[in-house]
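The stops below say what to select next.

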Amino acid sequence: FKEPDSSILAVFNDGALYRKNTMTTGIWNGPLDNSMPNGGRIPLRMITLSQNANEYLAVGFDNRLYIKRPGDNGELDITQPWERVENNSNIIYVLTDPHNGKLIGIDTNGSLMIKKTDDITSEFIKLNNLSIKALKIYFDNNGYMLVLDRNFNLWQMMDLDWENSDIDTSKGSNTTRVNDVLYDNDGKLYGDRKST
């Protein structure tokens, strides 16, 4: 994902964190210190930012939610240790909704979930609106949710109100299967092509 300073932070296949300056820079730095929770024993699945963009959130391969609290100056600090967030298990992915700031999740069955409060320790509420099993979610530049399914097809939701709509099957999915996507500062959508 893209950090506030526009650098790119990613979870690699080893479950650790790596960073590079821009999308077009070829060199990654890492693994970064304190990349993984529990003293480096739990590889990460993914990483993102909290609603107020001063905390890192991640999901480990134990399907639990973790948080890196702000540093002493109240700002993002990637060197902080990970803390496990209570009441958050059976998760594979999380993302903050840009419309309302609530935390969205994907459970181990591929269903969408949302927290109805700002309390990160609150329970997720499961939604039954998807006809596919989700792997990852994103928001495009127009505010529509994009859903990457378990076959690595990228779909767009029918409405901006993603909680009450399904994927738009009339448009179909992308023609190229992808592992991941990311918007750059200029609005270009980059995809990591799925190898066959």
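How many bridges join strand β3 to β4? Five, and the two strands run antiparallel. Strands here are DSSP E runs of at least two residues, numbered from the N terminus, and two strands pair if DSSP finds at least two bridges between them. This is a predicted model, in which local features need pLDDT of at least 70 and side-chain atom pairs count only at pLDDT 80 or more, while totals for chains, interfaces and linings use all residues. Residues are numbered from 1 along each chain as its sequence is written, and side-chain values use heavy atoms, with hydrogens and water left out.

Select β3 (residues 44–49) with β4. L44 has G60 of β4 as its bridge partner. Six residues lie between the strands of this hairpin, where A53 takes a positive phi near 60 degrees.

Three residues separate the two strands, with N63 in the turn at a positive phi of about 60 degrees.

Finally, select I137. Which residues does I137 touch, not counting those up to four places away in sequence? They are Y93, L95, I104, I106, L112, M145, L146 and V147, where contact means heavy atoms within 4.5 Å.

Note on methods:
Helices (H or I, at least four residues) and strands (E, at least two) are DSSP runs, numbered from the N terminus.
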